[in-house]
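These are my notebook entries on a structure I looked up. I begin with the terms I rely on and then record what I found.

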Amino acid sequence: MQPMTTEQIRVLIARGKLKDTLFQGLGIICLSIGLLVIFLLVGDMLMRGLDRLNIEFFTEFASRRASQSGILSAWVGTLLVMLVTAAAAVPLGVAAGIYLEEYAKRNWITDIIEINITNLAAVPSIVYGLLALGIFVYTFGFGQSILSAGLTLALLILPIVIVATREAIRSIPAMIREGSMAVGATRWQTCRYHIIPYAMPGILTGVIIGLARAIGETAPIITIGALTFIAFLPPAPFSATGVDGASAGLFDWVMSPFTVMPIQIFNWTSRPDPAFEVNAAAAGFVLMGMVLTMNAIAIYLRYRMRKNIKW
Amino acid sequence: MFKQSKIVSALAVAGLTLFGAQAAYAQIVKIDGSSTVYPITEAVAEDFQKAKKNAIKVTVGISGTGGGFKKFCRDETDLQNASRPITAKEMADCKAAGVEYIEMPIAYDALTVVINPKNTFLKQATVEELKKMWEPAAQGTITKWNQVNPAWPDAPIKLFGAGADSGTFEYFTEAIVGKAKSSRGDYTASEDDNVLVQGVSRDINGIGYFGYAYYAENMARLKGLPIVNPKTGKAVEPSGANVENGSYVPLSRPIFVYVKAKSMQKPEVREFVEFYMKNADKLIREVKYVPLPKAAYEGNLKHAKEGKVGTVFGGHNEVGITVEEILKREAKM
């Protein structure tokens, strides 16, 4: 084989660089398509819904008159359902993840469990709704309540939390675990003082991704019987119920009927009066805002926690 | 961080045990059922809560007439919105659960056949012509206007109609084709009537059907097609007045609210029903439905007072029944 001349090498390099530039351009185009779609969507919703985005929109209940209609019961309902979802899915999911990574023996049973958990994440949400209708609403007698909805969505995001927990734990170097055990710590002490704190940023990311998915879910919530028109809020703890001067207990709100943002939006888009489409756009924008806020909080917390990790 | 999650889980467990003592939410009127009746009941619920200064709470869900009856007959709701009379199977379910009910017609719903405003050749249509367009045998064969009526042009028909799960679909097929749920399948179907509104308003050859309220809100973009009354042979425009005087047949039907007899003993439900019947005329006009004659609402209240339970339909739907007939008949469980 003859050695290449300088000229030939230059051509070869130029060709490589051209391909590099081409790919870079392609990447930028793909990225901007994605971004453009999001900007168009959010921009369109904002433009159409801008008229309705004022304080009253957040403090008024839904009404048959589009211009007086608000999302009070919807955003409160969404927040409370998310609270129950997080309270149920985080301890269950994190504990299950830790067990699978740190305690479970590697054998075919854990393999099967592992495959099933991954598959569960792909089960359509309506299936969870049907399951929850049978179990939570009727068998446990929770009724069409915030508790039923929260637990349903918790089931839905459980696989996401478990998988995120395991990924986070796996990214911790083995020497941390070994070091801890070498000085006589039990497995639990290792988890408690090392594994969990170090895995927390990753777990948090998984939790937020899960909650962001849950916040937009409509199908399972409708299946268990969320309401469409509801012009009152769940009872605040210790507030007067209006019945013989009794006051609400700390957790009475979990049994209250409710509605959530996606249902309210869906209801507005299917109205005969086109004026409700403005409300739907405004509510859609608010829902986007809620998801983005959750993501922002997660990023901030992750950043703060990472700063505290000193290996 | 870990401490916090411990607290959260502790609270969750505490919650699970605490709410065992269910709080007293006696003052809730629970309503569910048809999406067609929903706008009316919602308007009543909104004004009722304002009138009562929120001392009585009302919830309204949309499970559809069928889904709502399931809950109603399981004794879960107080009122049931229904866009058709109770069926024989639902009657049996209610009977098995010991649920007795009072049947109250509350408004007319008129199905409207709409065409594009730029369509100039279509002035009216007969039930036979509509049947030719929509019956199952038309699937794949009737694709042009002149196949239905030789006087119409040689242009494609673009059909838009209700999805198979809706009460609108059930009633339209029963009134036009003659058999409920019997329809051609090759048309643009949607449960969301706004999709149909958009479709017909954008296609000069479009024709579709949906509830009158959707037409009333979109008159600028759509033209309501007059339907020939089979008895008089005259074409009748879809309008509130024509529905009220009974000439817009066969596409107008009464819609109902079923009230559980046991719930009527509760003062909050009784008050709600009284408020409903007293304000029905005004509120129904406001949400663009067609109200019944005033005597019907008084009749409903009288039935409730006398405890006249059951249905006058005996478990099957009837096309073209008038409200006067409904009120005169004897209700049976």
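**Entry 1: terms and conventions.** I call a residue buried if 20 or more other C-beta atoms lie within 10 Å of its own, exposed if 12 or fewer do, and partly exposed in between, with C-beta atoms placed from the backbone. I note that this is a predicted model, in which local features need pLDDT of at least 70 and side-chain atom pairs count only at pLDDT 80 or more, while totals for chains, interfaces and linings use all residues. Residues are numbered from 1 along each chain as its sequence is written, and chains are lettered from A and ligands numbered from 1 in the order in which they are written.

**Entry 2: I176(A).** I located I176(A) in helix α7 of chain A, residues 174–182; helices (H or I, at least four residues) and strands (E, at least two) are DSSP runs, numbered from the N terminus. Setting aside residues up to four places away in sequence, I found that I176(A) touches H194(A) and Y198(A), where contact means C-beta atoms, placed from the backbone, within 7 Å. The C-alpha atoms of I176(A) and H194(A) are 7.4 Å apart, although 18 residues separate the two in sequence.

**Entry 3: chain B overall.** I counted 13 helices and 12 strands in chain B. Of its 333 residues, 44% are buried. Its C-alpha atoms fill a box of roughly 75 × 60 × 35 Å along the principal axes. Among contacts between residues at least 6 apart in sequence, 71% join residues at least 24 apart.

**Entry 4: confidence.** The mean pLDDT of chain B is 87, and 92% of its residues reach 70 or more; pLDDT is the predictor's confidence in each residue, from 0 to 100. I marked residues 13–25 of chain B, where pLDDT stays under 50 and the model has 19 contacts beyond four places in sequence. The model scores ipTM 0.76 and pTM 0.80.

**Entry 5: helix α8(B) and its surroundings.** In α8 of chain B, residues 193–202, I found D193(B), L196(B), V197(B), G199(B) and V200(B) buried. Seen down the helix axis, these residues fall within an arc of 165°, so they line one face of α8(B); the arc is that of the directions from the axis to the C-beta atoms. They pack against several elements of chain B, including β4 (101–115), β5 (158–162) and β7 (206–211).

I then examined β7(B), in which six of six residues are buried. Which residues stand opposite G208(B) in β7(B)? I recorded V114(B) and F160(B).

**Entry 6: the nonpolar core.** The largest nonpolar core has 165 residues, and those with the most contacts inside it are I157(A), V161(A), I40(B) and V259(B). Such a core is a set of buried Ala, Val, Leu, Ile, Met, Phe, Trp, Tyr and Cys residues joined through C-beta atoms within 7 Å. Its largest share, 17 residues, comes from helix α6 of chain A, residues 146–170. Beyond four places in sequence, I40(B) touches I106(B), A107(B), L283(B), I284(B), V287(B) and Y289(B).

Definitions and conventions
Two residues are in contact if their C-beta atoms, placed from the backbone, lie within 7 Å. Two strands pair if DSSP finds at least two bridges between them.
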